[in-house]
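Open the model in your viewer and keep the selection panel at hand. Each stop below gives a selection and what to look for.

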Amino acid sequence: MRPLSVYLDRVPMVLQVSVVVSLILVAILAACLITVSSVLTSSIRGNAGGHMESVAIDLADRLDDGLFERYQDVVAMASADPFVRLEVGQSGQAQAWIDSLQDLYPLYAWIGMAGPDGTVLAASDGVLRGASVAERPWFDAASAGPHLGDVHEAVLLADILGRGDGGPEKAGQGPNGEPMRLVDVAAPVRGPDGALVGIVGAHLSWDWARDLRDTALTTRRRELQTDLRIVDRAGRQILGGGFGEELGRLRSVQSALSGKHGWMIEELDGQKMLVGYAPTHGFAELDGLGWIVMAATPLAVADAPLHEVNRIMVLIGTLLAVVGVIAAFVTAQRLGRPLSTLTAVARGIGSDTPRTLPRLSGSREVVSLSLALRALLHRIGAVTERLQDTQEQAAELATQNRELERLASLDPLTGLRNRRAFLELAEHEIARARRDGTNLSVLMIDIDHFKRVNDTYGHAAGDEVIRNIAQLIRSLSREADIVARFGGEEFVILLPNCRYADARAFGERLRAQVADNATRHGDASITVTVSVGCVEFKPQSTDLDTAIDSADHALYVAKRLGRNRVEGSAA
């Protein structure tokens, strides 16, 4: 088969130059279009995502402010004279006061005051007057202090009031047949002597949150098909879509649950959405309810300006390419005239293809072309080097960031996870256990008489003892176990899918291993023991803090009974 050069020898130089220059121009234009399109995509999505994030933050702040105002409303109601000075059998003044409050605060579906026994003494329009609310969670919670409850379906009031969130509907239902939903706010009423007179309770209509959402959805945002949703701390949707729909799987919800705000692209309702998110944080002394606000717009809508820009760029690029091809052909024709001189010069160069373009002479046009192409090669090389340097720097920065993230979650002395990392991982493990219906166990481990080690051998020896015990714990633990140093000489282990008997056996093995393995420090051999508190708990009914407190109490019992032992309890 003949080489390509044989065929190229038969093609006129004018045509070859035209084709080569045209291809170069097309390639450069294509590269520029791709680069500009990529930069514009990042910029447009970044602006749209930032906008969605600001919308989410704005609504989150409005929710926090609104809840705090309602909280202050009820606390102020509870300190009013008609309630504070209420005497037995004298509820008329309190009823009149509540009727005026209902007119003053139309956002509340119901306002009432119950006596210490839970009997409603006065209420909006007399609704539930004489009924008992002693079994309602808000009554019990407010006995200890002001209470703010999460949104829930109405129980006693739905059928009585005969309307839902959105106004008069079928009894107990709102728009589209939705149940009536309320947010409970309550506060204790104490007399001049400090004795409990009763509980003031107010049921905030969920229309309040819906109105805030509708206000946030301005005309421009509706044109962008912006959707606003509110999710509770359990990851369930409570406004903006199907009530109770599980959204905890979304990365944006998980990020917001950790206290962060931002934006990302998510798969939502069967399409790609650009989602801005922000958690609520409460206001002043009110901790808030841990809600998450999500502002979402279809990715296709956010990218719409990009499509138009890309179309224009392709059109301009095509026109430039056509102009470039024509210019290349005309230039090649003009260069063809001095080629006879260039051919003679080129014959002396040799048969090998030069690695760099040599300086050509013989005519001003040829010299100019030579210099231009050499400059072009130099610029391409410089750009390539800068791109390589930038890529290397970005890769190095990413590596450093990953290392910083890793170090931030580790205890520097033992290499185990620290308290913050343990709590984050444990919450995910507990959520999975709730879904799977499995139990977990917690071990609290404390080195006995550790102060004696520091006092006798020095803090360096104490550190060596801690490292040695940490290594023993790591060697005995399963891959799924979450092990951490909680501080000082205290360690904690979360054992997923582990019953009490197995957890206690693990604690006994660890206790025996520690007692049998002395720590070498210089010429000294240091033997210590550990006490272990062990509890099994059901994540459906017990949270992590309670389980840790129970394990800590069991540890205290082990210390009190003589140390170097395992104590605990099953679920």
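Select Ile-326 to begin; its place is in helix H11, residues 304-336. Helices here are DSSP runs of H or I with at least four residues, strands are E runs of at least two, and both are numbered from the N terminus. This is a predicted model: local features need pLDDT of at least 70, side-chain atom pairs count only at pLDDT 80 or more, and totals for chains, interfaces and linings use all residues. Residues are numbered from 1 along each chain as its sequence is written, and side-chain values use heavy atoms, with hydrogens and water left out.

Is Ile-326 buried or exposed? Its relative accessibility is 51%, so Ile-326 counts as exposed. The cut-offs: buried is under 20% relative accessible area, exposed is over 50%, partly exposed lies in between (1.4 Å probe, protein chains only).

Together with Ile-326 they form a nonpolar surface patch with about 340 Å² of accessible area. Patch members have over 30% relative accessible area and no salt bridge; nonpolar side chains (Val, Leu, Ile, Met, Phe, Trp, Tyr) are joined within 5 Å, like charges within 9 Å. Areas come from the Shrake-Rupley method with a 1.4 Å probe; for residues, only the protein chains shown count as cover.

Stay on Phe-329, also found in helix H11. At 39% relative accessibility, Phe-329 is partly exposed.

**Aromatic stops**

Rings of Phe, Tyr and Trp (its six-membered ring) pair if their centres lie within 6.5 Å; planes under 30 degrees apart are stacked, over 60 edge-to-face, the rest tilted. The count by this rule is six aromatic pairs. Select Tyr-105 and Tyr-108: edge-to-face, 5.9 Å centre to centre, 75° between the planes. Tyr-105 is partly exposed at 22%, whereas Tyr-108 is buried at 1%.

Next, select Trp-206 and Trp-291. Their ring centres are 5.5 Å apart and their planes meet at 80°, so this pair is edge-to-face. Trp-206 sits in the loop between strand S8 and helix H7, Trp-291 in the loop between strands S12 and S13, 85 residues apart. Trp-206 is buried at 0%; Trp-291 is buried at 0% too.

Then pick Arg-181 with Phe-243. The charged end of Arg-181 sits over the ring, 3.6 Å from its centre. That label requires NZ of Lys or CZ of Arg within 6 Å of the ring centre and within 35 degrees of the ring normal. Arg-419 does likewise over Phe-486, at 4.0 Å.

**Salt bridges**

The whole structure holds 21 salt bridges, each a side-chain nitrogen of Lys or Arg within 4 Å of a carboxyl oxygen of Asp or Glu. Select Arg-229 and Asp-227, bridged at 2.7 Å, N to O. Arg-229 is buried at 5%, and Asp-227 is buried at 14%.

Move to Asp-411 and Arg-485, whose closest N and O atoms are 3.2 Å apart in a salt bridge. Asp-411 lies in the loop between helices H13 and H14 and Arg-485 in strand S15, so the bridge ties together parts 74 residues apart in sequence. Both residues are buried.

Last, select Glu-536 and Arg-499. Their side chains meet in a salt bridge at 2.5 Å, N to O.
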